[in-house]
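I opened my notebook on this one to see what I could look up from the coordinates. Come along if you like.

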Amino acid sequence: MTFQNSNFFIFFLLAGFISCKSVSEVDSKAVFHYNQPNPIGSLDPAFAKSQNNIWAVDHIFNQLVDLNDDLEITPELAHSWEITEDGLHYIFHIRTDVWFHKDPCFGADSSRRLSAEDVKFSLLRLINPELSAPGSWVFQDKLDDHNPIEVNYDSTLVFHLKSPFSPFLSLLTMQYCSILPREATEYYGLDIRSHPVGTGPFYLHKWLDRQGIFLKKNQFYFKSGLPLLKGVRISFVEDRNTAFLVFMRKGIDFFSGLQSSFGAQLIDDHGNLQSKLQDKMQMIKAEYLNTEYIGINLEALPESHALQDKKFRRALNIGINREEMIRIFRHGLASPAEFGFIPSVLKDSIYKVRRISYLPDSAKKIIQDIGYQSFSNEDKLITLYTNKDYLDLISYIARQWQELGILVQIELMETATLREKMRAGTVGMFRASWIADYPDQESFATIFYSKNPAPPNYTRFKNAAYDSLYEKAIQETEASERNYLYFKMETILCEESPVVFILYDQIALFAQKNITGLKGNAINLLKLEQVQDLE
């Protein structure tokens, strides 16, 4: 039998995969099924760099502290903590009722209790140069060189910092900072990537190479009554259109994100689920800590170029109709970046910079006042570098600037090539995005700190006042004062305009009607502890 349509063939492979009870050995009605288009490369939390790895790691492991839906720090493996007045020492008190998953690394059908030593081991392993883990940057230049982590008794742990760093607790919520036992690393060696041993709500049951992963409920989870599911299945079908078809036929429980090929079938121009689908599925929206922007690297441009004038850069910012752009190209799933670089969900509403509104007439006046038309063509020309995924959005922006009388051209590049040129500082204007690694304003402010290399400071922005405010903010422990300092930094960014602010992103999650307890969050984690399949 020959299949002429490869998507048709993949559809049946996926449908067969997700319905096979004999492989999972758990009741399919209590199993949450989702597809991950990018195969998981490792279940070692030190290598949880991409979303596909992060989601799976989060099902299996815990960290010292976690985040609630409002991005507030909550207890996890640590039941409480204190911070010394000087901000240099963080003392954590570890729960004594947490057990690792049963695993051969402890002996036949055995486990053991979590201790403070496990936390110390896991986090020092993360920053060990011999591991070369992508998450090693987390504590870079933050912990004391001589005594970074100290264990006092089995259940008390102390971090010693070189200097105060106010987002330190937020750092510890990252999946890189998950806790695993020394025994597992010694027993499995490099194979720890496919033999994770954690304390989380689920444990690895089977990993069928590039076909999928099966997780089972941890019956001894320290959170009483959780998880509610008996298991989780993750399939790896790269074609999103095929996975979407399977979802529509109720073959999987959940998917996230939109493709241009089917986005309009699901949501209207305002980012809401189409009315005809509301009795067939559910849609969950959430703010996402991702800012889309166009970076401007003045060091890569001639000193005589129009972009060297901050008035001209402001004209570019007020010359974009962001609301129309989001409605056309993002199905309404975003909000205009009109109040600086840091997404509004992280800011204190008391402090708000001057709004960057769509003011085409004012933009034209600025362009006229600076004598733009008298510039040479070389100094007039704006060259926008982007990859093909953002060509439609960047083309829209370019057309709006052209209507203002600005000379614009677009250069397409492969993503990896463009990123390398941004790193090398050889492109003057480029489309980029910044996704926060942890939910703190500092995670966005850091990309404009002049002492940072590229990444994160791709624009090579340098401003002494901004740097001074940043250095104060990362040491400030009082929340209202920190918010004020970041407000002052945002004011400088809006004035100097080292970037063109495009949008603050949002995420869309789609689930079958029988799924309950599923929530969106600004760090785009798939939290399954309280999810339930009611069929």
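**Confidence.** I began by noting that this is a predicted model. I found a mean pLDDT of 92 for the protein chain, with 94% of its residues at 70 or more. I then looked at residues 1-26, where pLDDT stays under 50. The model still has 47 contacts beyond four places in sequence for that stretch.

**Cavities.** How many cavities of 30 Å³ or more are there? I counted three. The largest cavity holds about 80 Å³ of space. I listed its lining as F339, K347, D348, Y351, K352, V353, Q441, N483, Y486, F487 and E490. I sorted that lining into five nonpolar, two polar and four charged residues.

**Helix α16.** I looked up residues 464-473 and found Y466, D467, L469, Y470 and A473 buried. Why are they on the same side of α16? They cover an arc of only 165° around the axis, so they share one side of the helix. I also checked what covers these buried residues, and the list includes α15 (442-445) and α17 (479-496).

**Q63.** I went to the loop between α3 (51-60) and β2 (65-67), where Q63 is found. Is Q63 buried or exposed? I noted it as buried, because its relative accessibility is 1%. Leaving aside neighbours within four places in sequence, I found Q63 in contact with D58, E76, L77, L172, T173, M174, Q175, C177 and S178.

Definitions and conventions
Residues are numbered from 1 along each chain as its sequence is written. This is a predicted model: local features need pLDDT of at least 70, side-chain atom pairs count only at pLDDT 80 or more; totals for chains, interfaces and linings use all residues. Side-chain values use heavy atoms; hydrogens and water are left out. pLDDT is the predictor's confidence in each residue, from 0 to 100. Contact means heavy atoms within 4.5 Å. On a 1 Å grid over the protein atoms alone, a cavity is a set of points where a 1.4 Å probe fits but cannot get out, and a pocket is an open set with protein on both sides within 12 Å along at least five of seven lines; lining residues have an atom within 4 Å of a point. Grid points are joined across faces, edges and corners, and a volume is the space filled by probe spheres set on the points. Ala, Val, Leu, Ile, Met, Phe, Trp, Tyr, Cys and Pro count as nonpolar, Asp, Glu, Lys and Arg as charged, and the others, Gly among them, as polar. Buried means under 20% relative accessible area, exposed over 50%, partly exposed in between (1.4 Å probe, protein chains only). Helices (H or I, at least four residues) and strands (E, at least two) are DSSP runs, numbered from the N terminus. The arc is that of the directions from the helix axis to the C-beta atoms.
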